[in-house]
Amino acid sequence: MGAEHQITAGFMPLFDSAVLVAASQLGFAAREGINLTLHRETSWANIRDRIAIGHFHLAHMLGPMPLACNLGLTPLASETIVPFSLGLGGNCVTISNAVWAGMAAHGAEPDLDPALAGAALGGFIRERAAAGREPLRFAVVHPHSGHNYELRYWLAACGVDPDREIEIVIVPPPFMADALATGRIDGYCVGEPWNSAAVAAGTGHIVTVKAQIWRNSPEKVIGVRKSWADENPEALAALLRALHHSARWCQDPGNHTELAALMAQPAFLGLPPAVQMPILTGHLRLGGEAERDVDDFFLPFDKAANFPWKSHALWFYTQMVRWGHVAHTPENLAIARDCYRPDLYRAALKPLGVALPGANAKVEGALKVATAVGATGAGLVLGPDGFFDGQIFDPDEIDAYIAGQKSAREEV
Amino acid sequence: MVRSSLAVLVIDENRIRASIIEAGLREAGHERVTIIHDVTGIARRIAEIEPDVIVIDLENPNRDMLENMFQLSRAVKRPIAMFVDRSDQASIEAAVDAGVSAYVVDGLRQERVKPILDMAVSRFNAFSRMARELEEARSELEGRKVIDRAKGILMKSRGLSEEAAYTLLRKTAMNQNRKISEIAQSLVTAAGLLGPAEDE
């Protein structure tokens, strides 16, 4: 019996490819009549290029990356849509021992509190500047990444100008811990297990996490070549159902040992199962003796983690504008608004009778506690989803949000 | 302008492949070829070399870093457009298939760059063909060793001449529609299981 649909997908060796990997390896795709072939890639640029020339139908992608493709910011791109998100949270900011010592002298505590850590880092940065020393150098994985935007958001909200007071460079995730240990960078923002790796090596401290900068914030997505999606709606819908079942399985704590063993295989992450556990349990070692449990550290399924909220795409767009990656024009805004496709997600999952949000966008940062929301099918709980600085992003007030961030930046 | 005045930078962690590309470029009359294997401190090197064209292998995990550097023109001091001409789909496909990518300085005309990319693509293909042939030669050599051992087992246990032992292996392989080296491997494995037929 042959599979009905042949689907080829690219992925990067990062833990948040787990939903895609499990779908391919544990039979979720096969059950939907899909032969899902995965190709491991070495750079996001390769993923983008191979989607553009049609080698891949879809891929594990950074959330803002399909926006960057459609907005013409990348050298080689095809129109890419996002019908599924691979999870919420999962990143940390890790710094060197020397920077940690400097921050501690300015009042930092090993508790992951973004406001306290940011204030201490700001104090240390200004102390260095006054002494005429070079600015600290931080690394992120890609310019159009959640990592870049959350690092910048965090620093800016703490009064540090990420363009003038520090330097931000690009380093591939597996090289981060080495670059930190050898002093080529002073800190970085990356997904797990590349933060715990530096802590385990004794060369880094985790100072804050994505889940505390913006709780339940978007991370990786499934980016799909639009022309393929248009021509193969049934294959795409079948894939979204397979990913839904896979994500539900990945979230279940009863499956975490098996999932960690799967991701540990050389074809996927090739790192021991033990290093996959912090992202699954949210129990982090921060450096030194400090440990912390982080609520909602990484969610592959719960809290509507797979729903491609247009408000997530639009928030990424506001940050692209904020940091000069793209101009704010009605045309660009329309492109950003059309990139994430909750309609495709909803159409594919409706037959399953599962909880589906009633809206395509939400006010981000408005839920102070976990809240049941209007949904078709079974009940759906969202939030809490606050930004650490108490800001709210209302996608209907996007001009005011962009203008507000500009003026805040100019005050720095 | 003279064609050979283009400065070409080749970034490839595989030294053998890089030198094959370099040789090809020099044969084609490009004198100003620089090769980098390790991307540490590359921003400074690029600023020194001021390349017109950069050729890089797709397996290099630092591609994202390089692209970002090119976009922040302060590192390279001038704007760079990439991947030859976006409209040239066939070139792009051939390049990605071969595992090579090229970054081209803005304003450089496509017809001057395309031969360089085409050359790199054919050298990449030649290299992977060579690597494949090497691998085949290696496994053939190993196959021959196994066949020799199987022949030895047959000669010892059945009292056959070397030629008769080989004929028996070949006949069995033909009857079972399998490779002679596979039959030999099964025999060696079986002999190992059945006890000290050979001194190991």
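Why does A:Lys210 count as buried? A:Lys210 has a relative accessibility of 3%, and therefore counts as buried (buried means under 20% relative accessible area, exposed over 50% and partly exposed in between, with a 1.4 Å probe and protein chains only).

This is a predicted model, in which local features need pLDDT of at least 70 and side-chain atom pairs count only at pLDDT 80 or more, while totals for chains, interfaces and linings use all residues. Residues are numbered from 1 along each chain as its sequence is written, chains are lettered from A and ligands numbered from 1 in the order in which they are written, and side-chain values use heavy atoms, with hydrogens and water left out.

**Interface of chain A and chain B**

- Chain A contributes 22 residues to the contact and chain B contributes 20 residues (contact means heavy atoms within 4.5 Å).
- About 1,900 Å² is buried between chain A and chain B, and 54% of it lies on carbon and sulfur atoms (buried area is the accessible area, with a 1.4 Å probe, that two parts lose on being put together, summed over both).
- Of the area that chain A buries against chain B, 28% comes from A:Ile53, A:Pro75 and A:Ile170, more than from any other three residues.
- Two salt bridges are counted between chain A and chain B (a salt bridge is a side-chain nitrogen of Lys or Arg within 4 Å of a carboxyl oxygen of Asp or Glu).
- Eight residue pairs, both residues at pLDDT 80 or more, are in polar contact across the interface of chain A and chain B (a polar contact is a pair of N or O atoms within 3.5 Å; within protein, one must be able to donate a hydrogen and the other to accept it, and residues adjacent in sequence count only if both atoms are side-chain atoms).
- With seven residues, helix 3 (residues 44-52) of chain A gives the most to the side of chain A that touches chain B (helices, H or I with at least four residues, and strands, E with at least two, are DSSP runs numbered from the N terminus).
- The side of chain A that touches chain B comprises 12 nonpolar, six polar and four charged residues (Ala, Val, Leu, Ile, Met, Phe, Trp, Tyr, Cys and Pro count as nonpolar, Asp, Glu, Lys and Arg as charged, and the others, Gly among them, as polar).

**A:Arg48**

- A:Arg48 lies in helix 3 of chain A and counts as buried because its relative accessibility is 3%.
- A salt bridge joins A:Arg48 to B:Glu67, with the closest N and O atoms 2.8 Å apart; the side chains of A:Arg48 and B:Glu67 are also joined by a polar contact of 2.8 Å.
- Leaving aside residues up to four places away in sequence, A:Arg48 touches A:Met65, A:Cys69, A:Thr74, A:Pro75, A:Leu76, B:Arg63 and B:Glu67.
- The C-alpha atoms of A:Arg48 and A:Arg225 are 9.9 Å apart in space, although the two residues are 177 residues apart in sequence.

**Salt bridges within the chains**

- Over all chains, the structure holds 31 salt bridges.
- Side chains of opposite charge can pair when their charged atoms come close.
- A:Lys210 and A:Glu150 form a salt bridge whose closest N and O atoms are 2.6 Å apart.
- This pair links distant parts of the chain, 60 residues apart, with A:Lys210 in helix 10 (residues 210-213) and A:Glu150 in helix 7 (residues 146-157) of chain A.
- Both A:Lys210 and A:Glu150 are buried.
- A:Lys210 also meets A:Glu219 in a salt bridge (2.9 Å, N to O), and A:Glu219 is buried at a relative accessible area of 2%.
- A network of salt bridges links A:Asp16, A:Glu150, A:Lys210, A:Glu219 and A:Lys220.
- In chain B, the side chains of B:Asp12 and B:Arg17 form a salt bridge (2.7 Å, N to O); B:Asp12 is buried at 1% relative accessibility, and B:Arg17 is buried at a relative accessible area of 14%.

**Aromatic pairs**

- The whole structure contains 13 aromatic pairs over all chains (rings of Phe, Tyr and Trp, the last by its six-membered ring, pair if their centres lie within 6.5 Å; planes under 30 degrees apart count as stacked, over 60 as edge-to-face and the rest as tilted).
- The A:Phe28 and A:Trp249 pair is tilted, because the ring centres are 6.4 Å apart and the planes lie at 55°.
- A:Phe28 is in helix 2 (residues 28-31) and A:Trp249 in helix 12 (residues 233-251) of chain A, so the pair ties together parts 221 residues apart in sequence.
- A:Phe28 is buried at a relative accessible area of 9%, and A:Trp249 counts as buried at 17% relative accessibility.
- A:Tyr153 and A:Phe387 form a tilted aromatic pair, 5.3 Å centre to centre with 40° between the planes.
- Both A:Tyr153 and A:Phe387 are buried.
- One aromatic cluster is formed by A:Tyr153, A:Trp214, A:Trp315, A:Phe316 and A:Phe387.
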